[in-house]
Amino acid sequence: MTADINEGSVPSYYREVHQAICSRTDERVPLSVFQRVLSRTSLSITVQNQIAEHVNSGDGFLSKVSLYKGLALIALAQQGKPPSPKLLENFIQEFPKPQLGEPRELQSLKMQTVQESPLNLSLALGELLKKDTIKVELIPEKKGLFLKHVEYQVTSERFTVSVYRRYTDFDVFHELLLQRYAYRVVPALPPKRALKGDFSNLYFHSNGVPESALLCFINGRAMFCCFWKSLIFSLFFGPAAVLTSMSEREFIEGRRRALGRFLNLVARHPVFSEDELVKTFLTFSGSDVQTKLRDACKKLGDEFMTCKYATQAKDYLPADIQSQFSSSRELIKNIHNSFQKLRDRAERMAERSKENATDLLMFGKELSSLGSDESPVPILASCKSPWAALRRSVKGLSVEFSLLSEKAAQQGRREEDDVVEKLNLFLDLLQSYRDLCERHEKGVLHEHQRALQKYGVMKRQILSATVQPKEQVSVEQLESRIVQQENAIQAMELRNYFSLFCLHQESQLIFTYLPITSHILGAFVNSQVQGHKEMGEVWQDLHSKLKSIFGDGNGQSPPLSPK
């Protein structure tokens, strides 16, 4: 196709543009300069990106022919045609002239420094991950006479500091973060799953018993020791409310992991990471962090009031922002569903590895038990039974099976820590994006529509007042209310555009995180390779040991099953 485009087949305007934006020593045009040419058009961001993709050779430069091709696509797109290279094939007419202004006006484009639109996020995944790494560790429980509190040590690599936080501190921080950044992806907190009152950290499996029933049953001021707590629950609710230390530990560990994911997503967010609220939560070591957070939030206000682009958001939005939002939302929904299925499968594999570890350990213990039997072996035939000697050897095999169990358990932990946890991190982000879309539709957009409806009713009332004379005071009051409503609608329109502005950025954030797929797959493959290698070595040692124990006179092991 490019063979059809040359010096003689394009209008002189194309050549003049080339002369204006290429350098004196190189007839190629930097891709960044061509992108500035695109920004001068009235085309949408989507169309601009499509044109740039069609002419981009991957080396950061456009040849003269590629520039001509790009100018032709710009001109056709300005005529309302899709910017497809197929349009240029067999084009028998003279290529149209793009509306870019005088060529001499374009000369300044090659001298300009690149000024990215504030709408665009120019960050790669690696840059986001380097912003900070937060570790959330469980510290030894503080037990009172009747209460047990769970506390966490939060360590930030960026601020090189560790602080101690309770779940209620996370809860307040999350609430204030949502107030300040209602138009951003704020990850959800894991559930507290706790009773209120003095039993606030008593965890249980209700199996259908409503929490309200348990709350009604227990008086918050009642004081029972752990024994009486368990006894009363079992007497009144039977197996429906089983208190187990294992289930409690599993829940607390799951919540610790989820809190860590929450903080890492927040600390790596391009906007949140620079906020005073986040810095306070990660660094303040005083006794009342919640008060400190609330004070900081009052001083800062919500993002719309502090962002310098808030009232100008409409100017930066592409013309097809609504369609872009709809398509991005649908695509991210499908990605979310697929990653949920991947996570579920990965969880099952990790669980199977743990079950395999248990089975191998029990298998070895049974061999040990079998070999430890000191019962005398009766002589049932003329030849002496070899069992007395064999069972001592069988007992020794439990060592290898114990080692196999340990390797299988390590495999399960790797799958859980390196694969499932990364999947959960990305799923938390995807879910927070879907929550943000709902907030946009049910919040700002809904309030804007209600305000417009109210404004319409008031306009009809003022029209009715002019037709049917009423008291001057009531008419003036109505006019004053209309002015107030017009101001409210204008403010809501600005917020609506700012919400779309933020949504567009958060959509980019999701796509910036998508390459984490390669991290997840790499971790999954590496865990399998390492696990199979380590267990294979132990199985090989076990195989050699079996040959020496059960081998025949020729050193060959007997067949495992009859032929």
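Mentor: Happy to, and we can go from the whole chain down to single residues. Keep in mind that this is a predicted model.

Trainee: Thanks! What does the chain look like overall?

Mentor: The chain has 18 helices and seven strands. Of its 563 residues, 39% count as buried. The chain exposes about 31,900 Å², and carbon and sulfur atoms supply 53% of that.

Trainee: Why is the pair of phenylalanine 173 and phenylalanine 281 called stacked?

Mentor: Two values decide that. A pair of aromatic rings is described by the distance of the centres and the angle of the planes. For phenylalanine 173 and phenylalanine 281, the centres are 4.3 Å apart and the planes are at 15°. Centres within 6.5 Å make a pair, and planes under 30 degrees apart count as stacked, so this pair is stacked.

Trainee: What makes tyrosine 309 and tyrosine 316 stacked or edge-to-face?

Mentor: Their centres are 5.7 Å apart, with 90° between the planes. An angle over 60 degrees counts as edge-to-face, so tyrosine 309 and tyrosine 316 form an edge-to-face pair. Both belong to a cluster linked by ring pairs, together with Tyr183, Phe304, Phe498 and Phe501. The whole structure holds 15 aromatic pairs.

Trainee: Why do tyrosine 309 and tyrosine 316 count as partly exposed?

Mentor: The relative accessibility is 24% for tyrosine 309 and 27% for tyrosine 316. Partly exposed runs between the 20% limit for buried and the 50% limit for exposed, so tyrosine 309 counts as partly exposed, and so does tyrosine 316.

Trainee: Which residues touch the most other members in the largest nonpolar core?

Mentor: That core has 33 residues, and Tyr14, Ile21, Phe34, Ile51 and Ile74 touch the most other members. Helices H1 (12-21), H2 (31-39), H3 (45-55) and H4 (64-78) each supply at least two of its residues, with H4 giving the most, nine. Apart from this core lies another one of 31 residues, among them Val163, Val172, Leu277 and Val289.

Trainee: What covers the buried residues of H2?

Mentor: The cover includes H1, strand S1 (29-30), H3, strand S2 (61-62) and H4. The buried residues of H2 themselves are Leu31, Val33, Phe34, Arg36, Val37 and Leu38.

Trainee: How do you know that the span of H18 is close to what is expected?

Mentor: H18 (residues 516-550) has 35 residues, and from its first C-alpha to its last it reaches 50 Å, against 51 Å expected at 1.5 Å a residue. Its buried residues include Ile516, Gly531 and Leu542.

Trainee: Is serine 499 buried or exposed?

Mentor: Its relative accessible area is 2%, and buried means under 20%, so serine 499 is buried. Serine 499 is found in helix H17 (residues 472-513). Leaving aside neighbours within four places in sequence, serine 499 is in contact with Tyr183 and His440.

Trainee: What makes the phi of threonine 160 worth a look?

Mentor: Most residues other than glycine have a negative phi. Threonine 160 is not a glycine, yet it has a positive phi of about 45°. Threonine 160 lies in the loop between strand S6 (151-156) and strand S7 (161-166). With a relative accessible area of 67%, above the 50% cut-off, threonine 160 is therefore exposed.

Conventions. Residues numbered from 1 in each chain as written. Predicted model: local features only at pLDDT ≥ 70, side-chain atom pairs only at ≥ 80, totals over all residues. Heavy atoms only, no water. Helix = DSSP H or I, 4+ residues; strand = E, 2+ residues; numbered from the N terminus. Buried < 20%, exposed > 50% of the residue type's maximum accessible area, 1.4 Å probe, protein only. Areas by Shrake-Rupley, 256 points an atom, 1.4 Å probe, with all protein chains shown as cover. Phe/Tyr/Trp six-rings, centres within 6.5 Å; stacked < 30°, edge-to-face > 60°. Core = buried A, V, L, I, M, F, W, Y, C linked by side-chain atoms within 4.5 Å. Expected span 1.5 Å × (residues − 1). Contact = heavy atoms within 4.5 Å.
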